Amino acid sequence: ASRGLGDVYKRQDDDCFEGYYKGVLYNVTETTLLKSDNNFAGVLILIKFNKQIRAKTIIVEKEAFGIYDLPLLQTEKEVLEEIKLEDIEFSKHYRAFSEDQVEGRYLVTTAFMERFKELKNIMKSSCARCSFFDNYVLFAIPTVKNRYEIANLFCKLDNPKRYLKFFQELSAIYAIIDYFKLDENTGI
């Protein structure tokens, strides 16, 4: 099992890359996680925080999955308390839980919710999940589309739409890093 992935029996990665933006490490993996009772196919985005995260905090969508039934973002039910979210529209679709209400509200602000929705929309996914833990933030975005392919047998390399899509997806990750000012080591 990989960091933050819980009890996963088999993992099949397609496209993987990592990089630094303003000195902040990020890792993007297009993957399929196979488990006997539940599968995940999509994109995992792992960003290293330079600020200490003391408690686990998760954001899960209400409609698509139960709160704890995905191999991603699982934790002990009894240690998490629901966070009352400030954004009423966001609360209609998502729930947030944390071991520490103060830290959870610090992380899941209305500005973060906007970037979270933007990332989901750019990835053209019907749902998304997020977890803060061990000084990382992990986004799990289910998608059936093949991401991060500039060209293939059915698309020419000089197609500008493919490049634009790739850069939009990467820019959404950079917006999260910029929002949290992860290039600054200020502490929480």
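Lys48 sits over the face of Tyr136, 5.0 Å from the ring centre. A charge counts as over a ring if NZ of Lys or CZ of Arg is within 6 Å of the ring centre and within 35 degrees of the ring normal.

A quick word on the background: this is a predicted model, where local features need pLDDT of at least 70, side-chain atom pairs count only at pLDDT 80 or more, and totals for chains, interfaces and linings use all residues. Residues are numbered from 1 along each chain as its sequence is written, and side-chain values use heavy atoms, with hydrogens and water left out.

Now for the ring pairs. Rings of Phe, Tyr and Trp (its six-membered ring) pair if their centres lie within 6.5 Å; planes under 30 degrees apart are stacked, over 60 edge-to-face, and the rest tilted. That rule gives eleven aromatic pairs. Here are two of them:

| Pair | Centre to centre | Between planes | Type |
|---|---|---|---|
| Phe90 and Tyr94 | 4.6 Å | 20° | stacked |
| Phe112 and Phe116 | 6.1 Å | 35° | tilted |

Phe90 and Tyr94 are both buried, where buried means under 20% relative accessible area, exposed over 50%, and partly exposed in between (1.4 Å probe, protein chains only). Phe112 is buried too, at a relative accessible area of 0%, and Phe116 is buried at 1%. Why are Phe112 and Phe116 separated by about one helical turn? Because they are four residues apart in helix α3 (residues 110-122); helices are DSSP runs (H or I, at least four residues), numbered from the N terminus.

Ring pairs also link Phe49, Phe90, Tyr94, Phe112, Phe116, Phe132 and Phe139 into a cluster.

Notes:
Helix = DSSP H or I, 4+ residues; strand = E, 2+ residues; numbered from the N terminus.
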